Amino acid sequence: DDGTMKNANQAAKSMLGKDESKINDFRGGVVFECKYATLPGGCGKTVHCSACTIRNAVLGTHATGISQNNIPAFLKQAENEKTVVLQFLISTEKVGDRVLLRIDKLVDKKEIDEA
């Protein structure tokens, strides 16, 4: 209910290049290295977070229990002083008191100029 990650499967750990110590109990934006997660307030507390499809899907599924499938989502990452946009298809499913976030497909990864 607070948007923190509690576990990740081996495929997610491999994709992220992280182990449990960098995933468990961190907010999703920190784990996925969202460029806005480093702003004052952090993940879930910036003006950008209200439009985050990933966050809204996870919290919505947690609140309603309704699964969501193949939702287009994107995430901006800061990478070497540039911005990289990752485009995903995601799905969510409530399992007990947690939500399973599944990345169904990485659709695109591109560098953009935000200057």
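Start with leucine 75. It stands opposite leucine 86 in S2. This is a predicted model, so keep that in mind as we go.

Now widen the view to the strands around that pair. S1 and S2 pair in the antiparallel sense, over ten bridges. Strands of a sheet pair through backbone hydrogen bonds, either parallel or antiparallel. Here three strands make an open sheet, ordered S1-S2-S3, with antiparallel pairing. S1 and S3 are the edge strands, each pairing on one side only. From one strand to the next, the twist averages 25°. H3 packs on this sheet and touches S1, S2 and S3. The direction of H3 makes about 10° with that of S2.

Next, the turn. What lies between the strands in the hairpin of S1 and S2? Two residues. Take asparagine 80, in the loop between S1 and S2. Its phi is near 50°, a positive value in a residue other than glycine. Asparagine 80 has a relative accessible area of 70%, and exposed means over 50%, so asparagine 80 counts as exposed. Glutamate 81 is also placed in the loop between S1 and S2. Glutamate 81 is not a glycine either, yet it has a positive phi of about 65°. Buried or exposed? Glutamate 81 is exposed, at 87% relative accessibility.

Back into the strand. Proline 72 is found in S1. Proline 72 has a relative accessible area of 60%, over the 50% cut-off, and therefore counts as exposed. Which residues does proline 72 touch, leaving out those up to four places away in sequence? Thr53, Phe88 and Leu89. Serine 91 is 19 residues from proline 72 along the chain. The C-alpha atoms of the two are separated by 9.2 Å.

Now the pockets. Rolling a probe the size of a water molecule over the atoms shows where empty space is left. The largest pocket holds about 1200 Å³ of space. Its lining counts 43 residues. Which of them lie nearest the centre of the largest pocket? Met5, Gly28, Phe32, Val58 and Leu101. Several elements supply at least two lining residues each. On the helix side, these are H1, residues 10-16, H2, residues 28-31, and H3, residues 53-64. On the strand side, they are S1, residues 68-79, and S3, residues 98-112. How does the lining of the largest pocket divide by residue type? Into 24 nonpolar, ten polar and nine charged.

On to the second largest pocket. Its volume is about 240 Å³. Here 13 residues form the lining. Nearest the centre of the second largest pocket lie Met15, Leu16, Gln77, Leu86 and Lys109. Leu86 takes us back to the opening pair, where leucine 75 stands opposite it. H1, S1, S2 and S3 each supply at least two residues of this lining. S2 runs over residues 82-95. Which element gives the most to the lining of the second largest pocket? S1, with four residues. By type, this lining divides into nine nonpolar, one polar and three charged.

To recap. Three strands form the open sheet, in the order S1-S2-S3, and H3 packs on it. Asparagine 80 is exposed, and glutamate 81 is exposed.

Notes:
Residues numbered from 1 in each chain as written. Predicted model: local features only at pLDDT ≥ 70, side-chain atom pairs only at ≥ 80, totals over all residues. Heavy atoms only, no water. 1 Å grid on protein atoms, 1.4 Å probe; cavity = no way out; pocket = protein on both sides within 12 Å on 5 of 7 lines; lining within 4 Å. Points joined across faces, edges and corners; volume = space filled by probe spheres on them. Nonpolar A, V, L, I, M, F, W, Y, C, P; charged D, E, K, R; others polar. Pairing = 2+ DSSP bridges. Axes fitted to C-alpha atoms, helices over the stretch in contact; angles between N-to-C directions. Contact = heavy atoms within 4.5 Å. Buried < 20%, exposed > 50% of the residue type's maximum accessible area, 1.4 Å probe, protein only.
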